[in-house]
Amino acid sequence: MKNNQIHIIGGGIIGLCSAWYLRQEGFDVTIIDKTDLSDGCSHGNAGMIVPSHFVPLAVPGVISKGIRWMFNPKSPFYIKPRLNADLMQWLWRFYQSCTLEKAEKSMPILLNFNQWSLALYEEFSKNKAFDFGFEKKGLLMLYKDKKAAAEEKEVAEKAHELGLNPQILSQSAVQALEKNIDLDILGGIYYQEDGHLYPNLFIKQLIEALKKQGVSFLLGNAVTGFQTDKNKITAIELSNGQQVKTKKIVLASGSWSAKILKQLGVKILLQDGKGYSITLKNPRIKPSIPTILTEAKVAVTPMGNDLRIGGTLEISQLSPKINAARLAGILESMPKYYPQLKIKTPPLKEVWHGFRPCTPDGLPHIGKAKKYNNLTIATGHAMMGMSLGAATGKLVSEIITDQKTTISTDLFTPER
Ligand SMILES: Cc1cc2nc3c(=O)[nH]c(=O)nc-3n(C[C@H](O)[C@H](O)[C@H](O)COP(=O)(O)OP(=O)(O)OC[C@H]3O[C@@H](n4cnc5c(N)ncnc54)[C@H](O)[C@@H]3O)c2cc1C
C-alpha cells in the first residue's frame, strides 16, 4: 500500500471536490460510495453559489418562527416529533447557538468562505473539461410584505457592512431587471456578486475529470465498519464483506456522517434536512436571475433552458417519503410572486428529494478528528454545501497536507 493513499467516504460535492484538490497534491485517491453516484443531495439542489448567504441557520428569532411553521402543514420547515437523544441534543445546541454574538462571529467567516468558493468555481468554469452553466447573474431576494422587507433590508445592511454591494430595489426596479416575467411583489434585494450553476452537470463532469486523472471509485457498497489500531484507522469494511486497507480517510458522507462516525466512537451533532425540487424542462416563461421567494423560502434557479424550484426543510430521520402538502406549499407560492407561473403538481415519483446535512450551529464540521490522526471530517454544510463545496475541497487538501489554511477553521472544529 502506497503512503500517499487516501480514501474518501462519500461522493457528493464535498467528497468529489476534496478528491479534486487532493489529487492535485499528488495523493492516490479512492472515492467510496454506497450509490452509483447518479443522484443524491448534490445533484438536484438549487445550484446557488452565494456569498450573500453569510447568516448561519441558527440566529435569534428563528426558533419562534420555526415553532409557528411546525403547525402549518404547507410551511417550509418541519421536525418530525420524536423522543430521540441525538435529536434532543441537536435541538438544545441549536437553541444555545441562536445568539447574536455567535452569529456575528460566524458571518465574516462564512462570507469569505463563500467568496473563495465562488472564485474556485469560476476557475473550474474556465477549465476545458467543464461546461456546467456557471453564471454570475446575482441573486434576487424577493418579498411581498413589509415584515419580510424589513428583515431582508437588515441583512442587506449587514452585507454592506461586510463589504458586499446589495441593492435595495422597488417593485418597478426589480421588474426592470426581470423584463420577461410579471412580478407581484413589494420589492427585493439584489446581490450582484452571487453565482449559480447546474449541479447535475457539474457533478457529472467532475466525476469524469477525476476518472481521467486516475482517481478510483469503489461504488455500490456501503461502509459498514472500520478496523483500528490505537489512534489509526487501518481498514474500511464494506457491505459486501470487502476490507479496504487505508492510510488516510476523509469522511464526507453528508447526512449519514454522524451514524458512520458513531462506529468509531466519534460524536458529531447532525440531522438531515430533507428538501424537494422539481425541474421544469424548457418552460415558455421563466425568470432570468436566480431568486429566493423570501416569505415562502423557495429557491428558483434558471439552469440553462430549464427552471428548478426547490424548498422545504424537514428533519425526518432520512425518510424518502415526499410530503404532498409541503410540496404544494412550494408550488402554490410560485404564482403568488410570478402570476404567470401556475405549476401543475407532478406525480410524486418525479419529485426530487435530498438530505441536507444540518449542524445545530449552522456551521460545517471541517477538520481532523481528535481520536484518530488519519481521519479528516468534512460535512454539515446544510443549505450551503454546493456553495461551499469547492472551497471545502481545497480546505480539506490544505488540512491534510498541513499547510496554513486559506481561511480560519477555528469555528468548524468537528466534535465541538
Ligand atoms: C432542495 C435543496 C436545495 C438546495 N439548494 C442549494 C443551493 O442552492 N446552494 C447550496 O450551496 N446548497 C444547496 N443545497 C444543499 C446542498 O445540496 C448540500 O449541502 C450538499 O449537497 C451536501 O453535500 P455532501 O457532499 O455533504 O453530501 P451528499 O451529497 O449527501 O453526499 C454524501 C454521499 O455519501 C454517501 N454515503 C452515505 N453513507 C454512506 C456509507 N455508509 N457508505 C458509503 N457512502 C455513503 C451517499 O451515498 C452520498 O453520495 C440544497 C439542498 C436541497 C435539498
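The legends below describe close-up views of one predicted model. Residues are numbered from 1 along each chain as its sequence is written, and side-chain values use heavy atoms, leaving out hydrogens and water. Because the model is predicted, local features need pLDDT of at least 70 and side-chain atom pairs count only at pLDDT 80 or more, while totals for chains, interfaces and linings use all residues.

View 1. The chain is divided into domain 1 (5-42 + 202-267 + 362-412) and domain 2 (51-195 + 270-358), with bounds from an automatic or database domain assignment. Taken over C-alpha atoms, the centres of the two domains are 26 Å apart. In domain 1, 42 residues are in contact with 32 residues of domain 2; contact means heavy atoms within 4.5 Å. Domain 1 and domain 2 bury about 3,300 Å² between them, and 72% of this area is on carbon and sulfur atoms. Buried area is the accessible area (1.4 Å probe) that two parts lose on being put together, summed over both.

**View 2. An open sheet of six strands.** The strand order is β9-β2-β1-β13-β20-β19, and the pairing is mixed. Strands (E, at least two residues) and helices (H or I, at least four residues) are DSSP runs numbered from the N terminus, and two strands pair if DSSP finds at least two bridges between them. β9 (216-219) and β19 (365-368) are the edge strands, each pairing on one side only. Neighbouring strands of this sheet are turned by 20 degrees against each other on average, direction ignored. Strand β13 (residues 248-251) runs parallel to strand β20 (residues 375-379), and three bridges join them. Within this pair, Val250 has Thr376 of β20 as its bridge partner. Helix α10 (residues 385-400) packs on the sheet, where it touches β1 (5-9), β13, β19 and β20. The direction of α10 makes about 15 degrees with that of β19; axes are lines fitted to C-alpha atoms, for helices over the stretch in contact, and angles run from 0 to 180 degrees between N-to-C directions.

**View 3. An open sheet of three strands.** Here the order is β10-β11-β12, with antiparallel pairing. The edge strands, each pairing on one side only, are β10 (223-229) and β12 (243-245). From one strand to the next, the twist averages 30 degrees. β10 pairs with strand β11 (residues 232-238) in the antiparallel sense over six bridges, and Thr228 stands opposite Ile233 in β11. The hairpin of β10 and β11 has two residues between the strands, and Lys230 takes a positive phi near 50 degrees there.

**View 4. Strand β18 and its partner β14.** Six of the seven residues of strand β18 (residues 352-358) are buried, so β18 is largely enclosed by the rest of the structure. Buried means under 20% relative accessible area, exposed over 50%, and partly exposed in between (1.4 Å probe, protein chains only). Strand β14 (residues 271-280) pairs with β18 in the antiparallel sense over seven bridges. Tyr276 stands opposite His353 in β18.

**View 5. Cysteines without a disulfide.** With a disulfide taken as a pair of cysteine sulfur atoms within 2.5 Å, the count comes to zero. The closest cysteine sulfur to that of Cys17 is in Cys41, 14 Å away and too far for a bond. Cys17 is buried, with a relative accessible area of 0%. For Cys41 the closest cysteine sulfur is in Cys358, at 8.8 Å, also too far for a bond. Cys41 counts as partly exposed, at 27% relative accessibility.
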